[in-house]
Amino acid sequence: MKFNRLLTVTALAASGMMIASCSSRQVTRVSTDQTIDISGSWNNSDSRMVADELTKNVLNANWLSTHQDEHQGKKPVVIVGFVQNKSHEHIDAETFVKDIESSFVQTQRVRLVQGGKKREELRAEKADQQTNSSNSTIKKFGLENGADYILQGSINSIVDAHKRQKVVYYQVNLELTNIQTNEVVWIGEKKIAKYVKN
């Protein structure tokens, strides 16, 4: 009997602590443009800042005017390829790629085409339309815009740590390559250093 009473009291105390800990959490909405660095790890502010700077650099480089001179003023068609995470931490490179693609679309200085899994999904949709759509609405194969250039890169990091201090260096490297000739027409890099003290 005493054991059951003790078990009941313990269960009630544990549930009370859980309720108290849940109720003490405070959530505050902040602007997505605001830089908040809690852990010292790569975050959305880093991704946005690096993507903005590198996009400005690539769009102001000589390759763009050279392409337009050689192609009667036509905008180049660009595909954003694989950006590999080689850093020490888990970084979802897709958010970084999306920031770059968004910058390309907003500037309207290049034409952006889909790549990778999204391109495969589009092609699967076209294949499905061949048998399931009316003749007047079928999207035909062989009419995609071929990319002139591919942007690829990597995110790297170096950690220098001692006791309760560390400095984390991030380096993002991007290369733009002419798909026809394999010529690298632009190389860009952006470095970020963070000092973290616990």
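Five strands form an open sheet in the order β2-β1-β3-β4-β5, with mixed pairing. Two strands pair if DSSP finds at least two bridges between them. Strands are DSSP runs (E, at least two residues) and helices are too (H or I, at least four), numbered from the N terminus. The edge strands, β2 (111–113) and β5 (184–197), each pair on one side only. On average, neighbouring strands of this sheet are turned by 25° against each other, direction ignored. Axes here are lines fitted to C-alpha atoms, for helices over the stretch in contact, and angles run from 0 to 180 degrees between N-to-C directions.

This is a predicted model; local features need pLDDT of at least 70, side-chain atom pairs count only at pLDDT 80 or more, and totals for chains, interfaces and linings use all residues. Residues are numbered from 1 along each chain as its sequence is written, and side-chain values use heavy atoms, without hydrogens and water.

Now look inside the sheet. Strands β1 (residues 77–85) and β3 (residues 149–162) run parallel, joined by six bridges. Val83 stands opposite Gly153 in β3. Helix α2 packs on the sheet and touches β4 (165–178) and β5. Contact means heavy atoms within 4.5 Å.

Next, a loop. Asn60 lies between α2 (44–59) and α3 (62–70). Asn60 is exposed, at 60% relative accessibility. Exposed means over 50% relative accessible area, buried under 20%, partly exposed in between (1.4 Å probe, protein chains only). The side chain of Asn60 makes a polar contact with that of Arg109 (3.3 Å). Such a contact is a pair of N or O atoms within 3.5 Å; within protein, one must be able to donate a hydrogen and the other to accept it, and residues adjacent in sequence count only if both atoms are side-chain atoms.
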